[in-house]
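Colleague: I have a new structure open and could use a guide. Can you walk me through it?

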Amino acid sequence: MLQGDTQASKTYTFAVKAKDAAGNVSAASNAVSVTTSGGTSNTPITLTATADSSVRGGTYAGDNYGSLTTMSVKLRASNASYDRKGYVKFNTSAFSGNVSSAILKLYVTNIHSNTTSYTLEAKGINDDVWTEATINATNQPSEAGTSVGTVTVDQEGVYVSFDVTAFVNSQTDGAVSFRLAGLNEDLGADYATKENANAAAHPILIVNGG
């Protein structure tokens with residue numbers, strides 16, 4: 001066995017000698033090299049959203065919904081007053097360098113009465129300045145954002161997931177933000193926010209270190 005202190009991500013070479021009861025010592029065995037594992041843990045870390053809200057256009061463009069327990073996401077291109085998008089933000093300052101995986105999970109609390117299935121898209125945005133207490137459809141981040149994928153929403157009481165590893169690794173300011181939008185006209189669903197009484201339903205980001 002290796003004796004003394006060992007260091008992470010370092011190669012050690014050793015050989016073995018046998019000693020019998022009479023004190024005779026054998027020749028050394030062939031040398032064997034081993035490399036210790038890296039110092040970064042791959043234990044997943046779950047981050048809870050630091051801010052989340054939905055915004056609504058048209059007549060409601062100036063209204064803020066940051067204190068609500070759910071955020072509603074619905075495409076309504078034909079009537080902006082019924083069009084709603086979601087925003088969620090996480091603090092990632094605990095991580096330095098690239099992470100090996102990052103999964104965004106959103107909990108579906110309710111599918112709208114006219115919807116049996118629809119497509120939800122998440123986009124990463126660089127603007128992390130927005131706050132849940134002030135965001136509305138008028139002042140929401142205007143950038144197009146980077147699509148991190150789509151999911152089919154067809155069941156209540158479950159999480160839907162997005163692999164956001166590449167986007168998280170592209171952000172270096174200690175925060176990541178996402179915009180949520182429906183892709184099917186007049187269809188939508190509601191998702192739990194961090195204000196929801198059910199802590200097990202809050203938006204989360206599950207991160208594995210590099």
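Modeller: Let's go from the overall fold to single residues. Keep in mind that this is a predicted model.

Colleague: Okay. How many helices and strands are in the protein chain?

Modeller: The chain has one helix and 13 strands. Along the sequence the pattern runs β-β-β-β-β-β-β-β-β-β-α-β-β-β.

Colleague: What share of the residues is buried?

Modeller: Of the 210 residues in the chain, 40% are buried. The chain exposes about 10900 Å². Carbon and sulfur atoms supply 49% of that area.

Colleague: And the contacts? What part comes from residues 24 or more positions apart?

Modeller: Those account for 79%, counting contacts with a separation of 6 or more.

Colleague: What is the mean pLDDT?

Modeller: The mean is 88 for the protein chain. A value of 70 or more is reached by 81% of the residues.

Colleague: Where does pLDDT fall below 50?

Modeller: One such stretch is residues 1-9. Beyond near neighbours in sequence, that stretch has 17 contacts in the model. Residues 33-40 also stay under 50. For them the model has 25 contacts beyond four places in sequence. Where pLDDT is low, the predicted coordinates should not be read in detail.

Colleague: Noted. New topic: how many aromatic pairs are there?

Modeller: The structure holds three. One of them joins Tyr 87 and Trp 130. Their ring centres are 5.7 Å apart and their planes are at 55°, so this pair is tilted.

Colleague: Where do Tyr 87 and Trp 130 lie?

Modeller: Tyr 87 is in strand β6, residues 84-91. Trp 130 is in the loop between β8 (118-125) and β9 (146-153). So the pair ties together parts that are 43 residues apart in sequence.

Colleague: Is Tyr 87 buried or exposed? What about Trp 130?

Modeller: Tyr 87 counts as buried because its relative accessibility is 0%. Trp 130 has a relative accessible area of 6%, so Trp 130 is buried as well.

Colleague: Which residue lies over the face of Trp 130?

Modeller: Lys 89 does, at 4.8 Å from the ring centre. Elsewhere, Arg 56 lies over the face of Tyr 60, at 4.0 Å from the ring centre.

Colleague: Back to the pairs. What do Phe 167 and Phe 178 form?

Modeller: They form a tilted aromatic pair, 5.6 Å centre to centre, with 55° between the planes. Phe 167 lies in helix α1 (residues 165-170) and Phe 178 in strand β11 (residues 175-182), so the pair ties together parts eleven residues apart in sequence. Both Phe 167 and Phe 178 are buried.

Colleague: You mentioned Arg 56. What is its bridge partner in β6?

Modeller: The partner is Arg 84. Strands β4 and β6 pair in the antiparallel sense, over six bridges.

Colleague: Why is β4 called largely enclosed?

Modeller: Because six of its six residues, 51-56, are buried. Ala 51, Ser 53 and Val 55 point one way from β4. Asp 52, Ser 54 and Arg 56 point the other way, and all are buried.

Colleague: Last one. Which residue other than glycine has a positive phi near 65°?

Modeller: That is Asp 186. Asp 186 lies in the loop between β11 and β12 (188-192). Its relative accessibility is 26%, so Asp 186 counts as partly exposed.

Conventions: Residues numbered from 1 in each chain as written. Predicted model: local features only at pLDDT ≥ 70, side-chain atom pairs only at ≥ 80, totals over all residues. Heavy atoms only, no water. Phe/Tyr/Trp six-rings, centres within 6.5 Å; stacked < 30°, edge-to-face > 60°. Helix = DSSP H or I, 4+ residues; strand = E, 2+ residues; numbered from the N terminus. Buried < 20%, exposed > 50% of the residue type's maximum accessible area, 1.4 Å probe, protein only. Lys NZ or Arg CZ within 6 Å of the ring centre and 35° of its normal. pLDDT = per-residue confidence, 0-100. Contact = heavy atoms within 4.5 Å. Pairing = 2+ DSSP bridges. Areas by Shrake-Rupley, 256 points an atom, 1.4 Å probe, with all protein chains shown as cover.
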